[in-house]
Amino acid sequence: MTEPKARRCRECGEGTIRPLAKAGRRMAFRNMAAVSVPATLAIPTCDHCGNEWIDPRTATLLDEALESAYADELHKRLEAALEAILSTAGISQRRLEHLLGLSTGYLSRVRGRRGDASPQLVSVLALIAQDPKRRVKELDHVWQPAQA
Ligand SMILES: [Zn+2]
């Protein structure tokens with residue numbers, strides 16, 4: 001297989017576009033402002049202005065990589081939020097599951113990565129984690145019978 005012919009960058013008109021794999025790149029993905037792009041993923045990049053030229057093949061690889069990085073990030077945030085809630089709100093994981101309408105053991109399964117953490121669940125947990133005692137109390141109140 002031969003190297004693809006080097007292309008001149010149409011953004012700056014000076015650099016050459018070459019595949020570049022490096023650490024520290026981040027991109028917006030779904031509801032997250034910055035998801036890490038794997039350091040090993042090569043993206044056609046201008047060696048002068050740094051503009052990235054995403055061709056269809058790169059787009060597919062990038063999408064798969066970001067999907068996986070996104071799931072990792074959701075899991076990380078789920079753990080951080082649960083830790084904050086369970087250590088300060090004085091409730092058990094089981095009681096939290098009940099408050100959120102989740103089946104018993106659901107949080108354990110997701111924590112053990114036997115199922116993906118949904119962005120909706122992580123959103124709710126992150127909001128509760130901002131002020132666990134108060135939010136848990138509010139949530140408890142939310143599920144009381146509606147007043148006539
Ligand atoms: Zn350029």
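Colleague: What makes the site of the zinc ion tetrahedral?

Modeller: This is a predicted model, where local features need pLDDT of at least 70, side-chain atom pairs count only at pLDDT 80 or more, and totals for chains, interfaces and linings use all residues. Residues are numbered from 1 along each chain as its sequence is written, and side-chain values use heavy atoms, without hydrogens and water. Four donors count as tetrahedral if all angles lie between 85 and 135 degrees. Here the angles among the four donor atoms are 106 to 114°, so the site is tetrahedral. The ideal is 109.5 degrees for four tetrahedral donors.

Colleague: Which residues are the protein donors of the zinc ion?

Modeller: Cys9, Cys12, Cys46 and Cys49, each through SG. A donor is an N, O or S atom within 2.8 Å of the metal (3.2 Å for Na, K and Ca); water is not among the atoms, so sites may look incomplete. These SG atoms lie 2.2 to 2.4 Å from the zinc ion, so they count. Their spacing in sequence is C-x2-C-x33-C-x2-C.

Colleague: Why is Cys46 called buried?

Modeller: Buried means under 20% relative accessible area, exposed over 50%, partly exposed in between (1.4 Å probe, protein chains only). Cys46 has 4%, so Cys46 is buried. Cys49 has 38%, so Cys49 is partly exposed.

Colleague: What about Ser118: buried, partly exposed or exposed?

Modeller: Partly exposed, because its relative accessibility is 25%.

Colleague: How do you know that β3 and β4 pair?

Modeller: Two strands pair if DSSP finds at least two bridges between them. Strands (E, at least two residues) are DSSP runs, numbered from the N terminus. Three bridges join β3 (residues 26–29) to β4 (residues 32–36), so they pair, running antiparallel. Met27 has Val35 as its bridge partner in β4.

How values were computed
Helices (H or I, at least four residues) and strands (E, at least two) are DSSP runs, numbered from the N terminus. Four donors count as tetrahedral if all angles lie between 85 and 135 degrees; four count as square planar and six as octahedral if opposite donors are over 155 degrees apart and all others between 65 and 115; anything else is irregular.
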